[in-house]
Amino acid sequence: MSESPREATPPFTEWFGFPVIFRTFKLAVQPGKMILAVTGLLLTYLVGVCLDGIWAGAGVRVYSGEIRQYVSGTEFERWKERRALADDQELAGLMVSQDAADSLDGAREALEQDRSGAINRLRARIDEKYQSLMDLDERREAENKRIEDLPEDQHEAERDRLDDALPEMVRKSRVEYLALMAAIEALDTQRIFGQWITHELHFARTAVGALLSGNVAARRFAETDVRVHPVNPFAPESFAGALANMGGAGCWMMRIHPWYFICFVLLNLALWSLIGGGLCRMAAMEATLDQRISIGKALAFGRSKWREFFLAPLIPLVFVVLVGLLMWIGGLGTAIPVLGEIFGPLLFPLALLGGFVIALVAVGATGGAALMWPTIAAEGSDSFDAISRSFSYVYNRPWRAIFYGLVLLIYGSLCYVFLRFFVFLLLVCTHVFVSWGVGVFTDRPEAGAEMNKFDVMWARPTFESLRPQFEMINLSRAEPFGAAVIWIFVSLVVVALHAFVISFLFNGFTWIYLLLRRVVDATDLEDVYTEEIEEATIEQAAEAAPAEAPAAETTPSEASEPPPESSDTESPPSSEG
């Protein structure tokens, strides 16, 4: 239970109380919250990879660029058919050109019988073909044998030319190899989660850039002498278009791969009901009482309220499905000849009522979904209270909720850009200084100009791409192990950047909930549910129970016995004689 509501804050203070949202950055970067967010992201990635493995084993095929085509809404099914034919034709051409098949017909037949096996054989053939060309020592040995077959007067000149040209020859072979492998990767079957997460991250960065540049809901066209091009408010490079593409990716997964979508959503909802509930609890305690609780206590709270966190987002969805099912049944009745045509239209107002209810719940759930978990974390209540409060706050103060959301969004975008630049600077400084030290003793001209051993183990990061990258073909001896270790540490740094976004959102949503609660319920920001209050209530009830215990424990036989005589009463002395 939470503390009793206090007197409402004056309206002027209510409207200008939003600066507390600017404390979100400080709260979000707390180590405990970052550790929880990183753990949640890694487990979410693991769930996606496992589901991808199951669906890929079942032969589900996903094409490169499929999500963007689906979101564009232009002949998606026909596009998939044309894309399948074009991919198979290009793969067949590669198989013939790399001697992995004798003819185009044979290559197409191999792809039809076992597409995955045919692609693996093509990769193996390219590896075999380019292995000797990409190895500097083997290439030098082969070129020396070629020079020995030339007249003796040309040996010295050819060897001098070879010393200068050999690194460039090896580098070109490696570039050709990588280009072939990249082409095969694009033509191979993609993974559902891999496509989805790549799409979402791309348009999340696009949304941040568009918002900060002011490109909110329109594409910027240059004026011509004839006319101004029409404005597309949902152009992919605009903020609204980026959000539409992010939402469209979820619709793609739900429609094209429904069972994958159900498994992915339920498993991640179960995961984040624990981790997200703990993050909201940590945010609520620090925002209200300025108390930092440990990860263990946060997870203990999330575990105790796990069912409430899990059911709160699902209940509105189940309700919408049930109302829609009733409307679907009504539609079946309307399909009955004659009777359906008569009674169906008469009952049509019920269908309109159902549509109104669905719209009401959908708007409330969309606007209030971010407030459900903070409600449980701050009030210690159940799923129905979370739904009731979130719907009430959104419908009672819609413009205030939108205003708080915009403040959080703009401030969060600025914080993300700043933190991304900081991480970029961290990685670049690390790479530059370590690379200078390694470059004193090593160089790799066959990998590229001014490249050294460290450069091939970890390519220099850019602001657009912070992920660690390296090419196995450029590594030798124990370098693959070192590159793998560097990849793990740099990946953790990049994951921490994304974890900040998760932590920031949970902390920001908690602040918005507390601000709306103060306005609608006249409850101070400092009021929060604590386990100590509940324990005190239980102790008071336990102390009151023994007072009634003696009366209940008295038995009828004990009540009927006469009281014992007083020890102070002495019997009279007996007479002798």
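Which residues line the largest cavity?

1. In this predicted model, the lining of the largest cavity consists of Asp 52, Trp 55, Ala 56, Val 60, Val 62, Gln 190, Arg 191 and Ile 192. Sorted by class, 5 of the lining residues are nonpolar, 1 is polar and 2 are charged. Helix α3 (residues 31-57) contributes the most, with 3 residues.

2. The volume of the largest cavity is about 30 Å³. Across the whole structure, the search returns 1 cavity of 30 Å³ or more.

3. Trp 55, one of the lining residues, also belongs to a cluster of linked ring pairs, together with Tyr 45, Phe 193, Trp 196, Tyr 260 and Phe 264.

4. The count of aromatic pairs is 24. One of them joins Phe 309 and Trp 373 in an edge-to-face arrangement, with 5.9 Å between centres and 85° between the planes. Phe 309 belongs to helix α14 (residues 306-334) and Trp 373 to helix α16 (residues 348-379), so this pair ties together parts 64 residues apart in sequence. Phe 309 is buried at 0% relative accessible area, and Trp 373 also counts as buried, at 11%.

5. Phe 424 and Phe 463 form another edge-to-face pair, 5.9 Å centre to centre and with 90° between the planes. Because Phe 424 lies in helix α18 (residues 398-439) and Phe 463 in the loop between α19 (453-457) and α20 (479-521), the pair ties together parts 39 residues apart in sequence. Phe 463 is partly exposed, with a relative accessible area of 31%.

6. The ring of Phe 463 also has the charged end of Arg 420 over it, 5.5 Å from the ring centre. Elsewhere, the charged end of Arg 281 sits over the ring of Phe 301, at 4.5 Å from its centre.

Note on methods:
Residues numbered from 1 in each chain as written. Predicted model: local features only at pLDDT ≥ 70, side-chain atom pairs only at ≥ 80, totals over all residues. Heavy atoms only, no water. 1 Å grid on protein atoms, 1.4 Å probe; cavity = no way out; pocket = protein on both sides within 12 Å on 5 of 7 lines; lining within 4 Å. Points joined across faces, edges and corners; volume = space filled by probe spheres on them. Helix = DSSP H or I, 4+ residues; strand = E, 2+ residues; numbered from the N terminus. Nonpolar A, V, L, I, M, F, W, Y, C, P; charged D, E, K, R; others polar. Phe/Tyr/Trp six-rings, centres within 6.5 Å; stacked < 30°, edge-to-face > 60°. Buried < 20%, exposed > 50% of the residue type's maximum accessible area, 1.4 Å probe, protein only. Lys NZ or Arg CZ within 6 Å of the ring centre and 35° of its normal.
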